[in-house]
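Hi,

Here is the structure I promised to pass on. Have a look at it first, and then read my notes below.

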Amino acid sequence: MSEVISVTPELNKPQTLAEAYAEPDNFLEIDVCNPLMETQGSKKFTTYEVKLKTNLPVFKSKESSVRRRYSDFEWLRKELERDSKIVVPPLPSKALKRQLPWVSAEKGIFAEEFIEERRKGLEDFINKVAGHPLARNQKSLHMFLQEQEIDRSYTPGEIRSHS
């Protein structure tokens with residue numbers, strides 16, 4: 001079935017259905033999902049699964065999944081501010097008022113509504129960062145997206161293409 005569905009303006013040739021639904025030449029999809037409350041000693045925190053799917057040659061793995069907490073996103077933001085030449089977007093707020101001892105569980109940092117709001121904010125942040133061509137080559141971003149453990153003593157720099 002090669003029914004024409006549109007005309008591609010740059011090429012001025014008809015686009016087939018197969019072309020319209022084919023995998024794009026370059027894609028980068030990052031989802032922040034599956035929040036999970038974890039405990040380490042007496043500390044409770046939420047981790048999020050960060051899933052990457054791409055065909056960009058700069059990434060060594062075409063699909064990956066890691067768990068990250070808010071402090072990991074803060075680390076990445078600081079690294080990018082220091083090492084890249086881009087204006088790094090802000091993270092969702094720290095929510096200090098939600099952590100006060102007299103705040104009820106329904107309004108605290110483990111409330112479903114807050115976790116979902118933060119998840120969306122973290123997903124927006126990481127997609128904006130990874131979508132920037134200068135940030136996309138930073139070792140810190142690659143480690144954040146594809147390594148199970150973040151090596152905070154790594155040597156900053158740029159990644160060369162893995163194609």
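In α2, Asp-72, Phe-73, Trp-75, Leu-76, Glu-79 and Leu-80 meet Ser-140, Leu-141, Met-143 and Phe-144 of α4. Contact here means heavy atoms within 4.5 Å, and helices (H or I, at least four residues) and strands (E, at least two) are DSSP runs, numbered from the N terminus.

Before you go further: this is a predicted model, where local features need pLDDT of at least 70, side-chain atom pairs count only at pLDDT 80 or more, and totals for chains, interfaces and linings use all residues. Residues are numbered from 1 along each chain as its sequence is written, and side-chain values use heavy atoms, with hydrogens and water left out.

Back to the helix pair. The α2 and α4 axes come within 9 Å and cross at roughly 165° (axes are lines fitted to C-alpha atoms, for helices over the stretch in contact, and angles run from 0 to 180 degrees between N-to-C directions). So α2 is roughly antiparallel to α4, a label for angles over 145 degrees.

Leaving out residues up to four places away in sequence, Ile-126 touches Ile-30, Val-32, Phe-73, Leu-76, Leu-141, Phe-144 and Leu-145.

Is His-142 buried or exposed? His-142 sits in helix α4 and counts as buried because its relative accessibility is 6%. Beyond neighbours within four places in sequence, its contacts are Val-58, Phe-59, Arg-136, Asn-137, Glu-147 and Ile-159.

Now for confidence. The protein chain has a mean pLDDT (the predictor's confidence in each residue, from 0 to 100) of 83, with 77% of residues at 70 or more. Strand β5 (residues 63–69) has the highest mean, 97, and strand β1 (residues 4–8) the lowest, 46. Where pLDDT is low, the predicted coordinates should not be read in detail.

Cheers

Notes: Angles under 35 degrees count as roughly parallel, over 145 as roughly antiparallel, 65 to 115 as roughly perpendicular and the rest as oblique. Buried means under 20% relative accessible area, exposed over 50%, partly exposed in between (1.4 Å probe, protein chains only).
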